[in-house]
Amino acid sequence: MLLSFILARTLEKSKEHRCILDCVKTSKNSEILFSEDYGPEALNRVLPGLKGEFFTVVVPGVQIKREAAGILKKFSPDKENAGIFYSDYCSCDGKKTALLDYNGDWTERWNFGKLRIYRKSFVMEENLFDENLPQSFNYDMHLKFWGKRDIVRIPEAMYSFETVERKNSIKDKLFFPSQGEYGGFSYLYYSDSQKEQIEKCFMNFLVRQGVYFYEEPRKTASKRAEEACDVTVSVVIPVHNRADFLKSAVSSVLEQDTKEWELIVVDNASDDRTYETALELSQKDPRIRVFRRDDNRIAKALNLGVKKARGQFIAQLDSDDLYSPSTLRLMIKALKSDLTAGLAVSYYDLIDCDGNVLNEMGVVRHEEYSVNNILRVDGAGAVRVWRKSAIEEMGYFDEGDFCDYGEDYDMVLKVTEKYRLKRVREVLYHYRRHPGNSDVLRSEIFKLNAKNQARLNAYKRRKEIIGGSENE
């Protein structure tokens, strides 16, 4: 038998049940079994008795297409190492949602849709689902298969599911950009039990893979070299076509309660009045220097700013965002107090086009950060202030893999493999949301692939770091 469907007893005689019966009747190569609920303990009681080579758990709202088993039969024969299949799906009005081909993402936020089809024998080899992880047992199996079993998307709709479109919500657009079970920065809003179980799965995964740091790296920066710098902190603003916001960003630097700074504006091939605006601002204050590039590449602009900087520290500021008045003073204090810190990161909030705080979001703290968990989550917070020497040591921001996105995440991963990340637990950055945000305009697959590539690169480096330390 090819495919076994598992349905909770509470859905017997439901629409979901009738759809599965139609599929079983059509294919004659599938079966349906009932479990008491959808928890791992109940599923594990059912699994040994399944006759199918594959099985899937049908959750409420999923309506299996009568040709589903036939679709699986068409795609599975040459995928002998596939541990999980997942498929496209349709809304109940027939509109198809095409998911993305799996790219090796090991986070819990990859969108598998509402139906994962497991190869029974591979699940049995992993001793079934972990009953101690009732909220994350599927994620746990995903990680157990990672690098060992293939995860394959079927580009045909095997079921329909009525999705709820999220509209007009800043929170949804930023933190839940996909329609998966989890998406984007949704981990900021997990319940305590979700957070605990997901992180437990991931830490176990890192240990199995041999890339878990048991201690936070604590390399010490050279105090003598840093004290030789002409300026304490260089603020770097890369900008492209942001004449309307640049003045506000610069003003937030001018209003700092410390004078230990310089400001470097790097115009990234703007074709509006951004460059002229930057020059006008520099003429009013000699601490502001302006440079221009002829192509719009964010990593190259940052690197130009870093190379031109005379500061001991490098503070990032996006051209549409704002600092708090004490940002630079507090970030400098944090880094000066700890020579083992390669960067300092604060809390932030979100503001609208007019600078009003978006209370819907609250304060974004990224307290889930750790030197290991950063390989799973998408960020560590803002503002980011780096030791210039650390950026130079890492070879500057990557202009190859991350020239247009993910360059700062990649640098966080690199720096924290050698230095500590210092937390400053105050709101020192104001992230402006507006229709022209470059993060909003980039495609989902582009962003997912960039973050995933940064993680995979970190995986290889950690293998070498940990392997080297074991051989010393």
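How many bridges join strand S9 to strand S12, and do the two run parallel or antiparallel? In this predicted model, five bridges connect S9 to S12 (residues 311-316), and the two strands run parallel. Within this pairing, Val233 has Phe313 of S12 as its bridge partner. S9 itself spans residues 231-239, and nine of its nine residues are buried.

S9 is also joined to strand S10 (residues 261-268), here by seven bridges and again in a parallel arrangement. Pro238 is paired with Val266 of S10.

Strands of a sheet pair through backbone hydrogen bonds, either parallel or antiparallel. The antiparallel case is found between S12 and strand S15 (residues 384-387), which are joined by three bridges. In that pair, Ala315 stands opposite Val385 of S15.

Val239 lies in strand S9. With a relative accessibility of 2%, Val239 counts as buried, because the cut-off for that class is under 20%. Leaving aside residues up to four places away in sequence, Val239 touches Val265, Val266, Asp267, Asn268, Ser270, Thr274 and Ser319. Its C-alpha atom is separated by 8.5 Å from that of Ala269, 30 residues apart along the chain.

In soluble globular proteins, nonpolar side chains tend to be buried together. The largest nonpolar core of the model holds 103 residues, of which Ile64, Leu72, Val123, Phe129, Phe202 and Trp386 touch the most other members. Helix H7 gives the most to this core, with six residues. A second, separate core has 40 residues, including Val235, Leu246, Leu350 and Tyr429. Ile64 touches Phe5, Cys19, Ile20, Cys23, Val58, Leu115, Met158 and Tyr159, when residues up to four places away in sequence are not counted.

H7 covers residues 192-209 and has 18 residues. From first C-alpha to last it reaches 26 Å, close to the 26 Å expected at 1.5 Å a residue. Its buried residues are Gln194, Gln197, Ile198, Glu199, Cys201, Phe202, Met203, Phe205, Leu206 and Gln209. Just after H7, Gly210 has a positive phi of about 75 degrees.

Helix H5 (residues 137-145) is mostly covered, with eight of its nine residues buried. The buried positions are Phe137, Tyr139, Asp140, Met141, His142, Leu143, Lys144 and Phe145. They pack against helix H2 (40-46), strand S5 (82-90), strand S7 (116-119), helix H4 (120-125), strand S8 (150-160) and H7. Just after H5, Gly147 adopts a positive phi of about 80 degrees.

Definitions and conventions. Residues numbered from 1 in each chain as written. Predicted model: local features only at pLDDT ≥ 70, side-chain atom pairs only at ≥ 80, totals over all residues. Heavy atoms only, no water. Helix = DSSP H or I, 4+ residues; strand = E, 2+ residues; numbered from the N terminus. Expected span 1.5 Å × (residues − 1). Buried < 20%, exposed > 50% of the residue type's maximum accessible area, 1.4 Å probe, protein only. Core = buried A, V, L, I, M, F, W, Y, C linked by side-chain atoms within 4.5 Å. Contact = heavy atoms within 4.5 Å. Pairing = 2+ DSSP bridges.
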